[in-house]
Amino acid sequence: MASLPRFGSYTTIPPDEPGMQISKTNYGNVAVLKIEGPVIEDKIESLRETIVDVVSRGRRKVLLDLQNVPFWDSAALEWLQEFVRTMSFDGTELAVCALNEVGNDIFKVTLMDTFVLVYETQEEGLKGMAK
């Protein structure tokens, strides 16, 4: 695996193709993954690998900041639901924050907000998960 460029406390994970980008930062015992771009079936593996990498490094609390995600396709939503269930068996807590209006609507219509803990802001998510 090629080394990744570092920018301050962020590590930028370049996507396989233009579209989704993931930045990660640790705040205490919580890893925040800031996602930019659409979360679609073709990009799920990149997101899964990033989360697994974070967890393998000892972080058991992962907060996905979705403020800049304009779209989720059904495959990505299905994957997220199953992934949250699988990770909870392993003792890992995964939550989302900062859903934009579209993301909020998608999570409510698909009932994803019943499977995944949703926080209004990253700050709120960090406080909630730090407990």
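Biologist: Hi! I'm new to this one. Which residue forms a salt bridge with Arg85?

Modeller: Hello! In this predicted model, Arg85 pairs with Glu82, and their closest N and O atoms are 3.3 Å apart.

Biologist: Nice. Where do Arg85 and Glu82 lie?

Modeller: Both are in helix α2, three residues apart, which is about one turn of the helix.

Biologist: And are they buried, partly exposed or exposed?

Modeller: Arg85 is partly exposed, with a relative accessible area of 34%. Glu82 is partly exposed too, at 42%.

Biologist: OK, and how many salt bridges does the count come to?

Modeller: The count is seven salt bridges. One of them is between Lys34 and Asp65, with the closest N and O atoms 3.7 Å apart. That pair links distant parts of the chain: Lys34 sits in strand β4 (residues 30-36) and Asp65 in strand β5 (residues 61-68), 31 residues apart.

Biologist: Are Lys34 and Asp65 buried or exposed?

Modeller: Both of them, Lys34 and Asp65, are buried.

Biologist: Why can charged side chains pair up at all?

Modeller: In general, side chains of opposite charge can pair when their charged atoms come close.

Biologist: Got it. What about Asp90, which residue does it form a salt bridge with?

Modeller: Asp90 pairs with Arg60, and the closest N and O atoms are 3.1 Å apart. Here too, distant parts of the chain are linked: Asp90 is in the loop between α2 (74-89) and β6 (93-97), while Arg60 is in the loop between α1 (44-56) and β5, 30 residues away. Asp90 is partly exposed, with a relative accessible area of 44%, and Arg60 is partly exposed at 36%.

Biologist: Let me change topic. How many aromatic pairs are there?

Modeller: There are two aromatic pairs. In one, the ring centres of Trp72 and Phe107 are 5.7 Å apart and the planes are at 75°, so that pair is edge-to-face.

Biologist: Which parts does the Trp72 and Phe107 pair tie together?

Modeller: Trp72 lies in the loop between β5 and α2, and Phe107 is in helix α3 (residues 101-109), so the pair ties together parts 35 residues apart in sequence. Trp72 counts as buried at 3% relative accessibility, and Phe107 is buried as well, at 0%.

Biologist: And how are the rings of Trp79 and Phe83 arranged?

Modeller: Their centres are 4.7 Å apart with the planes at 25°, so the pair is stacked. Trp79 and Phe83 both belong to helix α2, four residues apart, about one turn of the helix. Each of the two, Trp79 and Phe83, is buried.

Biologist: Now let's zoom out. How many helices and strands does the protein have?

Modeller: It has four helices and seven strands. Along the sequence they follow the pattern β-β-β-β-α-β-α-β-α-β-α.

Biologist: What share of the residues count as buried?

Modeller: Of the protein's 131 residues, 43% count as buried.

Biologist: And what does the surface look like in numbers?

Modeller: The protein exposes about 7300 Å², and carbon and sulfur atoms supply 52% of that.

Biologist: Last one: what share of the contacts with a separation of 6 or more comes from residues 24 or more positions apart?

Modeller: Those residues account for 64% of such contacts.

Biologist: Thanks, that helps me find my way around!

Notes:
Residues numbered from 1 in each chain as written. Predicted model: local features only at pLDDT ≥ 70, side-chain atom pairs only at ≥ 80, totals over all residues. Heavy atoms only, no water. Helix = DSSP H or I, 4+ residues; strand = E, 2+ residues; numbered from the N terminus. Buried < 20%, exposed > 50% of the residue type's maximum accessible area, 1.4 Å probe, protein only. Contact = heavy atoms within 4.5 Å. Areas by Shrake-Rupley, 256 points an atom, 1.4 Å probe, with all protein chains shown as cover. Salt bridge = Lys/Arg side-chain N within 4 Å of Asp/Glu carboxyl O. Phe/Tyr/Trp six-rings, centres within 6.5 Å; stacked < 30°, edge-to-face > 60°.
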